[in-house]
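Here are some exercises to work through with the model open beside you. Try each task before reading its solution.

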Amino acid sequence: MTETSERITGQREGEAGGTPPVIDSAFARWLADRAGQVLLGVREEMGYADGKALKAAGDRAAHDLLCAELARWRPADAVLSEEDDHSRVAWQDGEHSTVRPERLGSNRVWIVDPLDGTREFSEEGRTDWAVHVALWSSDSGLPSHLAAGAVAMPARHRTLATDYPPAYPPLPIDNGSGGLIRIAASRTRPPAFVTTLAEEIGAELVPMGSAGVKIAAVINGEADAYVHAGGQYEWDSAAPVAVALATGLHASRIDGSALKYNEADPKLPDLVVCRKDLAPRLLAALQRHLP
Ligand SMILES: Nc1ncnc2c1ncn2[C@@H]1O[C@H](COP(=O)(O)O)[C@@H](OP(=O)(O)O)[C@H]1O
Ligand SMILES: [Mg+2]
């Protein structure tokens, strides 16, 4: 194996782990971890002098790794990835009726975001970026048909996945002052309505990058909720939502309806993920902000 192929595959010759797990949820974890190692390698190799080039190289290397391994180990399955989603381009161009992606005829679709939190990936010292790997299956009886999901946070040496769903987050300690609700929000472009919502319900915003890292923060109990609106795509949320649902958290559109994946148009512009006890209060407050 050459140095270049080692960087692309994230695998050293003779290294254990070349054969992935058969169970889909463990495979998702394995795959997300592999792409995460590749991304750490890209960061190390390129440094941070040219952020644009670093983002592009990271996106491409992780995407190539995910696609190669999915083609090798799950050849019958379809893939929806941020990096080569032609349906998104078609929708943006307004050619709605002419495009019917092949994945719509597949029972099993891997929805992947090779690098979520691309901006943070390109900034030295930041750890709030992730690799998302989810499996949508028409046969799955699980909510949103998300049969498996993994969110690797390589710079944090942490991966959350549905093979071992994390424990339900502990209730925040009430220090007698009521305790503010902590809402995880984009550090670079928090939607205006989230700031207003926070004021209305007496919440504080906890800024961080990456949708996956924000949902992981809710899963870990570092935040009480992630609320987003104004634009996003299926790959930004499929994997972390799969883990959140497996953990027992609430995840829905901001109008309370179910999150749907593997739709013709991959836009999924809003969502709320939170502890179950907070959901009625947040959804009621969100009513005032529905488009
Ligand atoms: N208004 C918007 N439209 C489209 N995508 C958005 C968006 N706001 C956030 N996102 C996407 O959601 C992810 C998390 O964003 P943020 O860190 O700002 O909260 C990012 O994914 P990528 O890094 O994969 O592009 C970002 O592109
Ligand atoms: Mg993303």
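This is a predicted model: local features need pLDDT of at least 70, side-chain atom pairs count only at pLDDT 80 or more; totals for chains, interfaces and linings use all residues.

**Exercise 1. How are helix 7 and helix 8 oriented to each other?**

Step 1: Find helix 7 at residues 211-220 and helix 8 at residues 234-247; their axes lie 8 Å apart, at an angle of about 10°.

Step 2: Compare that angle with the cut-off of 35 degrees. Helix 7 and helix 8 are therefore roughly parallel to each other.

Step 3: Now look at the residues that meet. Helix 7 brings A211, G212, I215, A216, V218 and I219, while helix 8 brings D236, S237, A239, P240, V241, V243, A244 and T247. Sorted by class, this contact has 10 nonpolar, three polar and one charged residues.

**Exercise 2. Describe how helix 2 packs with helix 3.**

Step 1: The axes of helix 2 (residues 24-46) and helix 3 (residues 51-73) come within 9 Å, and they cross at roughly 150°.

Step 2: Since the cut-off for antiparallel is over 145, helix 2 and helix 3 are therefore roughly antiparallel to each other. Their crossing is right-handed.

Step 3: On the helix 2 side, the contact is made by L31, R34, A35, V38, L39, V42 and M46; on the helix 3 side, by A53, L54, A57, G58, A61, A62, L65, L66 and E69. The classes here are 13 nonpolar, one polar and two charged residues.

**Exercise 3. Which parts of the two domains touch?**

Step 1: The domain assignment gives domain 1 as 3-161 and domain 2 as 181-289.

Step 2: Across the boundary, 37 residues of domain 1 are in contact with 29 residues of domain 2.

Step 3: Several elements of domain 1 each supply at least two residues to this side, among them strand 2 (108-116), helix 5 (118-121) and strand 3 (130-137). Strand 4 gives the most, with six residues. In total, this side of domain 1 divides into 19 nonpolar, seven polar and 11 charged residues.

**Exercise 4. Where does ligand 1 lie relative to the domains?**

Step 1: Look around ligand 1. It is surrounded by 15 residues, the closest being D116, T118, S186, G209 and G231.

Step 2: Sort the shell by class: one nonpolar, nine polar and five charged residues.

Step 3: Both domain 1 and domain 2 give residues to this shell, so ligand 1 lies between them.

Conventions: Residues are numbered from 1 along each chain as its sequence is written. Chains are lettered from A and ligands numbered from 1 in the order in which they are written. Axes are lines fitted to C-alpha atoms, for helices over the stretch in contact, and angles run from 0 to 180 degrees between N-to-C directions. Helices (H or I, at least four residues) and strands (E, at least two) are DSSP runs, numbered from the N terminus. Angles under 35 degrees count as roughly parallel, over 145 as roughly antiparallel, 65 to 115 as roughly perpendicular and the rest as oblique. A crossing is left-handed if the near helix is turned anticlockwise from the far one by less than a right angle, and right-handed if clockwise. Two residues are in contact if their C-beta atoms, placed from the backbone, lie within 7 Å. Ala, Val, Leu, Ile, Met, Phe, Trp, Tyr, Cys and Pro count as nonpolar, Asp, Glu, Lys and Arg as charged, and the others, Gly among them, as polar. A residue is near a molecule or strand if its C-beta atom, placed from the backbone, lies within 6 Å of it. Domain bounds come from an automatic or database domain assignment.
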